[in-house]
Each structure stands twice: as C-alpha cells, then as structure tokens.
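Please walk me through this protein model.

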Amino acid sequence: MSSGFGSDPIYQARLTPDNAKLLVRNSSSANQKFPLNQMRSVIGRSDAPMSIADIDLTECKIDNKSAISRRHAVIEWVEGKLQVIDLDSTNGTFVNGKKLLTTAPRQPSSPEIL
C-alpha cells in the first residue's frame, strides 16, 4: 500500500530550481519541457515585435487556435516552493484540473503552490 503519489518518480524528488521543469501535457506542443531555474518566469506568447515571455508557448495550439495569452501566467520560487499565478489570461490556468480564479477583472489570481 502506498500513500501520496505512490511510486510516480515525478513526485519523489523535492522540487528545486535545479530539477524543476514545466511539461506541456496537451496541445500541439505536448511533451515539450521548460526548465524552471529562474526565480520568476513569465509564461506566454512572444509575438513580434514584443517579446515578454520567459517561457514562450506561442506554438501551443488547440484546434489550431492559440491557447496561451501574451502574458498568461507567472511561475516563481517563493521560500523554496514553486507557485503559479494566472495573469487574467483568456483561457485560464489550471492546476490539477482546478482553474485559478482572479479576485477581480484584470487582476492576477491568488498564488497556487505546486
């Protein structure tokens, strides 16, 4: 009998900036990985001429439509823990199937610890 996440190797190691990665699980960019070794990374689309995304998911498309906002979310290390904040993106940010909700229009969501 196991508890927690069982023998899943993804959850056995403690997340650190040296080993944490963002894995795209669906869309046209499935299985693409991005290191999370910066203290703060903006996730989004890099549309020319402005490039504001540290993690560029421009190619993530679902049904040939972009699923990512220009400034979609921020992922950051706070007190040794990784957290994500939705930046009032069009399609939302989900953690374990739960959508991060903003408290007011045009405002970021509360942080969600990963």
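The questions and answers below go from the overall fold to single residues.

Q: What kind of model is this, and which pLDDT do local features need?
A: Residues are numbered from 1 along each chain as its sequence is written, and side-chain values use heavy atoms, with hydrogens and water left out. This is a predicted model: side-chain atom pairs count only at pLDDT 80 or more, totals for chains, interfaces and linings use all residues, and local features need pLDDT of at least 70.

Q: How many helices and strands does the protein chain have?
A: Elements are DSSP runs numbered from the N terminus: helices are H or I with at least four residues, strands are E with at least two. From the N terminus on, the order is β-β-β-β-β-β-β-β-β-β-β. The count is zero helices and 11 strands.

Q: What percentage of the residues of the protein chain count as buried?
A: Buried means under 20% relative accessible area, exposed over 50%, partly exposed in between (1.4 Å probe, protein chains only). The protein chain has 114 residues. The buried share is 33%.

Q: Which strands form the open sheet, and in what order?
A: Two strands pair if DSSP finds at least two bridges between them. The sheet has five strands with mixed pairing. E4 (55-56) and E11 (112-113) stand at the edges with a single partner strand each, so one side of each has no neighbour in the sheet. The order is E4-E3-E7-E8-E11.

Q: How many bridges join E7 to E8?
A: The two strands run antiparallel. Ile75 stands opposite Val84 in E8, and Val78 has Lys81 as its bridge partner there. The number of bridges is six.

Q: Which residue in the turn of the E7 and E8 hairpin has a positive phi?
A: Two residues lie between these strands. The phi is about 50 degrees. The residue is Glu79.

Q: Which residue of E7 does Val42 stand opposite?
A: Strand E3 (residues 40-44) and E7 run antiparallel and are joined by four bridges. Val42 stands opposite Val74.

Q: Why is E7 largely enclosed by the rest of the structure?
A: E7 has six residues. It is largely enclosed because the number of them that are buried is five.

Q: What distance separates the C-alpha atoms of Leu15 and Leu82?
A: Leu15 sits in the segment before strand E1 (21-23). It is partly exposed at 35% relative accessible area. Leu15 and Leu82 are 67 residues apart along the chain, yet their C-alpha atoms are separated by 7.7 Å.

Q: Is Gln83 buried or exposed, and which side chain does it join in a polar contact?
A: Gln83 lies in strand E8. With a relative accessible area of 9%, it is buried. A polar contact is a pair of N or O atoms within 3.5 Å; within protein, one must be able to donate a hydrogen and the other to accept it, and residues adjacent in sequence count only if both atoms are side-chain atoms. At 2.8 Å, the partner of Gln83 is Glu76.

Q: Which residue meets Arg40 in a salt bridge?
A: A salt bridge puts a side-chain nitrogen of Lys or Arg within 4 Å of a carboxyl oxygen of Asp or Glu. Arg40 is partly exposed at 43%. The N to O distance is 3.7 Å, and the partner is Glu76.

Q: How far apart are the closest N and O atoms of Glu112 and Lys98?
A: Glu112 is partly exposed at 23%, and Lys98 is partly exposed at 49%. These two residues form a salt bridge, with the closest atoms at 3.8 Å.
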